[in-house]
Amino acid sequence: MSDRGGTALIRSAVSRLTALTGSPPEVVDEPDAVRIEADVTEVRGASWDRLLSVLESGGTYGLRTTPTRTTAWLRVPRDAGPRPGHASAHGADPWT
């Protein structure tokens, strides 16, 4: 993970996802962003609100569901800083 912009946001998202799921998420360096993916299959109830709060901290986010697993993902652009409000774009998973 690069020390360029967004590092604090990335660390926060990783920490919060680990607390929600009980396992550290996968962190993938991309040329212009960092993608964070977590298995959220067992996340239930009120925890979905906390999950959405984490996802909205990224530039884009979404869910990928298979018959056996649900994965939440978010991308944090390299130039990301603290994000005011919840203006994230979300939608289809670009990695499927």
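Helix α1 is followed by Gly22, whose phi is positive, near 85°. Helices here are DSSP runs of H or I with at least four residues, strands are E runs of at least two, and both are numbered from the N terminus. This is a predicted model, in which local features need pLDDT of at least 70 and side-chain atom pairs count only at pLDDT 80 or more, while totals for chains, interfaces and linings use all residues. Residues are numbered from 1 along each chain as its sequence is written, and side-chain values use heavy atoms, with hydrogens and water left out.

The protein chain contains 2 helices and 5 strands, arranged along the sequence in the pattern α-β-β-α-β-β-β. Of its 96 residues, 41% are buried, where buried means under 20% relative accessible area, exposed means over 50%, and partly exposed lies in between (1.4 Å probe, protein chains only). Contacts are heavy atoms within 4.5 Å. Among the contacts in the protein chain with a separation of 6 or more, 58% are between residues 24 or more positions apart.

Helix α1 comes next. Its 15 residues should span 21 Å at 1.5 Å a residue, and the end C-alpha atoms of α1 are 21 Å apart, which agrees; the expected span of a helix is taken as 1.5 Å times one less than its number of residues. Buried in α1 are Thr7, Leu9, Ile10, Ala13, Val14, Leu17 and Leu20. They cover an arc of only 160° around the axis, so they lie on the same side of α1, the arc being that of the directions from the helix axis to the C-beta atoms. Ala8, Arg11 and Ala19, on the other side of α1, are exposed. The cover over the buried residues of α1 includes β1 (26-29), β2, α2 and β4.

Thr21 also belongs to helix α1. With 25% relative accessibility, Thr21 counts as partly exposed. The side chain of Thr21 reaches back to the backbone oxygen of Leu17 at 2.9 Å. Leaving out residues up to four places away in sequence, Thr21 touches Ala38, Asp39, Val40 and Val43. The C-alpha atoms of Thr21 and Glu42 are separated by 7.3 Å, although these residues are 21 residues apart along the chain.

Ser47, Leu51, Val54 and Leu55 are buried in α2. Because they cover an arc of only 95° around the axis, these residues are on the same side of α2. The buried residues of α2 pack against α1, β3 and β4.

Where do these elements meet? In soluble globular proteins, nonpolar side chains tend to be buried together. A nonpolar core is a set of buried Ala, Val, Leu, Ile, Met, Phe, Trp, Tyr and Cys residues joined through side-chain atoms within 4.5 Å. The largest such core in this model has 18 residues, and Leu17, Ile36, Leu51 and Leu74 have the most contacts inside it. At least two residues of this core come from each of α1 (7-21), β2 (33-39), α2 (47-55) and β4 (70-77), and the largest share, 6 residues, is supplied by α1. Apart from its neighbours within four places in sequence, Leu51 is in contact with Leu17, Leu20, Val40 and Ala72.

Turning to the strands, β3 (residues 60-65) and β4 pair in the antiparallel sense over 6 bridges, with at least two DSSP bridges required for two strands to pair. A hairpin through 4 residues joins β3 to β4, and Arg64 stands opposite Thr71 in β4.

Glu37 is buried, with a relative accessible area of 12%. The side chains of Glu37 and Arg64 are joined by a polar contact of 3.1 Å. A polar contact is a pair of N or O atoms within 3.5 Å; within protein, one must be able to donate a hydrogen and the other to accept it, and residues adjacent in sequence count only if both atoms are side-chain atoms. Beyond residues up to four places away in sequence, Glu37 touches Pro25, Glu26, Arg64, Thr71, Ala72 and Trp73.

Finally, Pro77 has its place in strand β4. Pro77 is partly exposed, with a relative accessible area of 28%.
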